[in-house]
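Thanks for coming, everyone. Please bring the structure up on your screens, and I will walk you through it.

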Amino acid sequence: MTGVVAAKLRVGAAPASLVLNAIRVGGPSMRDEITDRAGLSAATVNRQITALCSAGLVDERPELVDSRGVGRPKIPLTLDRDRFCVAGIHIGARRTALVIADLGGRTLYSHAVRTQEVCGDGGAAAVDRLCTQLAELAARFSGRRVLWAGAALGGAVDAETGVVDHPILHWRGQQLGRRLHEALGVPVSVAEHVQAMAAAELLLGGDVVPHEIGGAACGPNPRGAALFFYARETVGMAMIISGEVHQPLRGAGSIAGLPVEPGPLDASAIAPLQSVIGTAALKAAAARLGTSDDAGVLADARARVLGEAVATMRDVINPDSVIVAGDAFSAHPRGLAPIQAAFDAASRTPWPLEITPTRFGVHVPEAAPVAVALAAVYADPLAVVGSLATR
């Protein structure tokens, strides 16, 4: 596995994937517990555990044995978090995050830079600079093997080639995937950033719930169909359906132009959602009204606009859950309460639904590229580690 590999943002269904996932989300686990979670036969689980241990992905932990039990003690198994890592980069409109994470998705080190400071000159030079910085960061972890690299950003992403367009940064046809591969020497996957954030909710949450994947009852939250809605300087949404982030063949759609009633946020009666949500829009509205950009009237207006926008998409899609992320959702002094109230008032679907915040808080941009990288590892862990010999 070399070069750019299209990101498949889903829960793995192969036996090795199911066993690795059962150990990863369950903590120190006995073989019978893993068998129950993975929904596989004991013989299949034992074969996969042997292979995963040989690959350095899983460890037997005899020091965790409870010696007070009766009979032959069972040795717990855990994820080996010390041997491997992944590298990730999230390129945002205002902030870019470079991150190294272990096999379980735990951040080992992250570094944030102002996007315009790094990408102000635009084009290939900016891409080269970011790739070099991530490679330098990964080199600090020379005691670990980097298995994969993930990138997430707004704009248009060709997952097959890693070529990206970023309108805000004035990037067109930039070879982000190829340059990351050249800089790091590992396989690379590139994904649209809201889809990548949704993948973090799906893959890195750590909850174990029944979930039908290839006949097995093992998988993380969220279950069923979930709507993931992001709003900061840009807005976007993604869908999680039965253990997979929906990735349309022609790329992510856009809700930037969703018509909303902005109230005091804009002088127009109707405006595009993205034009009234970000920091610049709040500053412009404050200047027009002669108030501060953190005034309660503007915070309340943004909460109403967001609640109504989420309600519109909820009514169209009718998901089982709604997850929200981004500073626009978290900045109100009363949290999600006013957004929930606006959502409840606007939704025409006849049963209540509670909006839930991302489990990653302000760190969701860092989790996004990590999820992109780990999705490839979790999908076929033995093949990914086996490919190290050819690098």
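I start with Arg83, which counts as partly exposed at 41% relative accessibility. On that scale, buried means under 20% relative accessible area, exposed means over 50%, and partly exposed lies in between, with a 1.4 Å probe and protein chains only. Arg83 forms a salt bridge with Asp80, and the closest N and O atoms are 3.5 Å apart. A salt bridge here is a side-chain nitrogen of Lys or Arg within 4 Å of a carboxyl oxygen of Asp or Glu. Asp80, at 6% relative accessibility, counts as buried.

Now the ground rules. This is a predicted model, where local features need pLDDT of at least 70, side-chain atom pairs count only at pLDDT 80 or more, and totals for chains, interfaces and linings use all residues. Residues are numbered from 1 along each chain as its sequence is written, and side-chain values use heavy atoms, with hydrogens and water left out.

Next, the layout. Domain 1 covers 15-79, domain 2 covers 84-200 + 364-387, and domain 3 covers 212-357. Those bounds come from an automatic or database domain assignment.

Let us look at domain 2 against domain 3. Their C-alpha centres lie 25 Å apart. On the domain 2 side, 12 residues are in contact with 16 residues of domain 3. Contact means heavy atoms within 4.5 Å.

How much area do domain 2 and domain 3 bury between them? About 1,100 Å², with 74% of it on carbon and sulfur atoms. Val194, Gln195 and Ala198 supply 45% of the area that domain 2 buries against domain 3, more than any other three residues. Buried area is the accessible area, with a 1.4 Å probe, that two parts lose on being put together, summed over both.

What about charges across that interface? The rule finds one salt bridge between domain 2 and domain 3. Arg94 and Glu233 have side chains that meet in a salt bridge, at 4.0 Å from N to O.

Helix α7 (residues 193-203) gives six residues, the largest share of the side of domain 2 that touches domain 3. Helices (H or I, at least four residues) and strands (E, at least two) are DSSP runs, numbered from the N terminus. By class, that side of domain 2 has seven nonpolar, two polar and three charged residues. Ala, Val, Leu, Ile, Met, Phe, Trp, Tyr, Cys and Pro count as nonpolar; Asp, Glu, Lys and Arg as charged; the others, Gly among them, as polar.

His90 lies in strand β3 (residues 84-91). Is His90 buried or exposed? At 4% relative accessibility, His90 counts as buried. Its side chain makes a polar contact of 3.3 Å with the side chain of His193. Beyond neighbours within four places in sequence, His90 is in contact with residues including Ala152, Met197 and Pro365.

Arg145 lies in strand β6 (residues 145-153). Its relative accessible area is 41%, so Arg145 is partly exposed. Arg145 and Phe84 are 61 residues apart in sequence, yet 4.8 Å apart in space, C-alpha to C-alpha.

Thr349 lies in the loop between α11 (337-346) and β18 (355-357). Thr349 is buried, at a relative accessible area of 14%. Its side chain and that of Asp315 are joined by a polar contact of 2.7 Å.

Back to salt bridges. The count comes to 15 by this rule. Arg31 and Glu60 form one, with the closest N and O atoms 3.1 Å apart. Arg31 lies in helix α2 (residues 31-38) and Glu60 in strand β1 (residues 58-60), so the pair ties together parts that are 29 residues apart in sequence.

Arg304 and Glu308 form another, at 3.1 Å from N to O. Both lie in helix α9 (residues 296-317), four residues apart, about one turn of the helix.

Last, a network of salt bridges links Asp128, Arg178, Arg179 and Glu182.

Definitions and conventions:
Polar contact = N/O pair within 3.5 Å; in protein donor to acceptor, adjacent residues only side chain to side chain.
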